[in-house]
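Below are a few numbered points to read alongside the viewer.

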Amino acid sequence: MAARTVWTASPPHARCSPFVPSPARPLRSTLLGRSPRRFSSSRLAVSAPGRALTIVAATKKAVAVLKGSSQVEGVVTLLQEDNGPTTVKVCVSGLTPGPHGFHLHEHGDTTNGCISTGAHFNPNNMTHGAPEDQIRHAGDLGNIIANSDGVAEATIVDNQIPLSGPNAIIGRAFVVHELQDDLGKGGHELSLTTGNAGGRLACGVVGLTPVM
Ligand SMILES: [Cu+2]
Ligand SMILES: [Zn+2]
């Protein structure tokens with residue numbers, strides 16, 4: 001399952017900038033008797049003959065606020081339209097410059113800090129890998145890279161972390177790590193389970209939030 005990561009420049013200050021929603025994409029489409037490109041039948045509202053057909057896309061949005069025992073903190077915002085890929089916007093501050101493993105872990109449980117979020121989310125019983133690998137945990141999102149101010153910003157588009165359906169990630173948790181994730185290729189005894197990404201600096205449970 002392909003995934004791509006787009007790195008964006010960070011602002012000069014060492015904090016995450018407030019999340020600004022991407023340019024408004026219409027949630028409602030109006031079709032005038034033409035073939036719909038795609039639609040969610042469960043949400044399809046058909047009006048009287050000769051009138052406009054209104055389709056409401058099943059967009060879902062979620063958020064996770066990352067905290068830990070250090071000064072590392074961040075916000076993750078997720079958006080999924082219908083059954084398409086999930087777009088994940090990440091901003092984490094307080095990091096040491098360089099790459100840090102970033103994963104979705106199995107449990108939305110922080111009773112014992114980030115340790116109680118368990119292992120990487122792995123519904124298909126795979127070994128650890130890179131986001132673009134065929135063999136990977138669903139929760140393997142690779143690394144985020146902190147700049148010299150300790151701020152990491154990234155936009156990740158991924159097919160294995162849906163916000164609805166049997167593998168929905170609502171109620172699970174994001175974790176940002178101390179070290180670089182070796183993506184399963186480091187030859188360390190932990191490479192194929194955790195990417196040898198070291199300690200858990202901050203984590204946050206994914207919860208639904210209004211789309212608008
Ligand atoms: Cu992790
Ligand atoms: Zn993994």
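1. A word on burial to begin with: a residue is called buried if 20 or more other C-beta atoms lie within 10 Å of its own, the C-beta atoms being placed from the backbone. By that cut-off, strand E11 (152-158) is mostly covered, with five of its seven residues buried. Across the 212 residues of the protein, 37% count as buried.

2. Please keep in mind that this is a predicted model. The mean pLDDT is 84, and 75% of the residues reach 70 or more. Over residues 9-13 the pLDDT is below 50, and this stretch has five contacts in the model beyond near neighbours in sequence. Residues 20-48 also stay under 50, and there the model has 29 contacts beyond four places in sequence. Where pLDDT is low, the predicted coordinates should not be read in detail.

3. Which kinds of secondary structure does the protein have? There are zero helices and 14 strands, so the pattern along the sequence is β-β-β-β-β-β-β-β-β-β-β-β-β-β. Among contacts with a separation of 6 or more, 63% join residues 24 or more positions apart.

4. Now to the largest nonpolar core, which has 36 residues. Val90, Val92, Phe174 and Val176 touch the most other members.

5. Setting aside residues up to four places away in sequence, Val90 touches Gly74, Val76, Phe102 and Ile144, along with Ala152, Glu153, Ala154 and Ile156. As for the strands, E7 and E11 run antiparallel and are joined by seven bridges. Within this pairing, Val88 stands opposite Ile156 in E11.

6. The loop between E7 and E8 holds both Leu95 and Pro97. Is Leu95 buried or exposed? Leu95 counts as buried because it has 27 C-beta neighbours inside 10 Å. Its contacts, not counting residues up to four places away, are Val72, His100, Ala146, Gly150 and Ala152.

7. Leaving out neighbours within four places in sequence, Pro97 is in contact with Ala146, Asn147, Ser148 and Gly150. The C-alpha atoms of Pro97 and Ala152 are separated by 8.5 Å, although the two are 55 residues apart along the chain.

8. Finally, two backbone angles for you to check. Most residues other than glycine have a negative phi. Asn125, which is not a glycine, has a positive phi of about 55°, and Leu183, also not a glycine, has a positive phi of about 60°. Asn125 lies in the loop between strand E9 (111-114) and strand E10 (140-146), while Leu183 lies in the loop between strand E12 (173-177) and strand E13 (200-205). Where do they stand on burial? Asn125 is exposed, with 6 other C-beta atoms within 10 Å, whereas Leu183 is buried, with 21.

Definitions and conventions
Residues numbered from 1 in each chain as written. Chains lettered and ligands numbered in written order. Predicted model: local features only at pLDDT ≥ 70, side-chain atom pairs only at ≥ 80, totals over all residues. Helix = DSSP H or I, 4+ residues; strand = E, 2+ residues; numbered from the N terminus. Buried ≥ 20, exposed ≤ 12 C-beta atoms within 10 Å, placed from the backbone. Contact = placed C-beta atoms within 7 Å. Core = buried A, V, L, I, M, F, W, Y, C linked by C-beta atoms within 7 Å. Pairing = 2+ DSSP bridges. pLDDT = per-residue confidence, 0-100.
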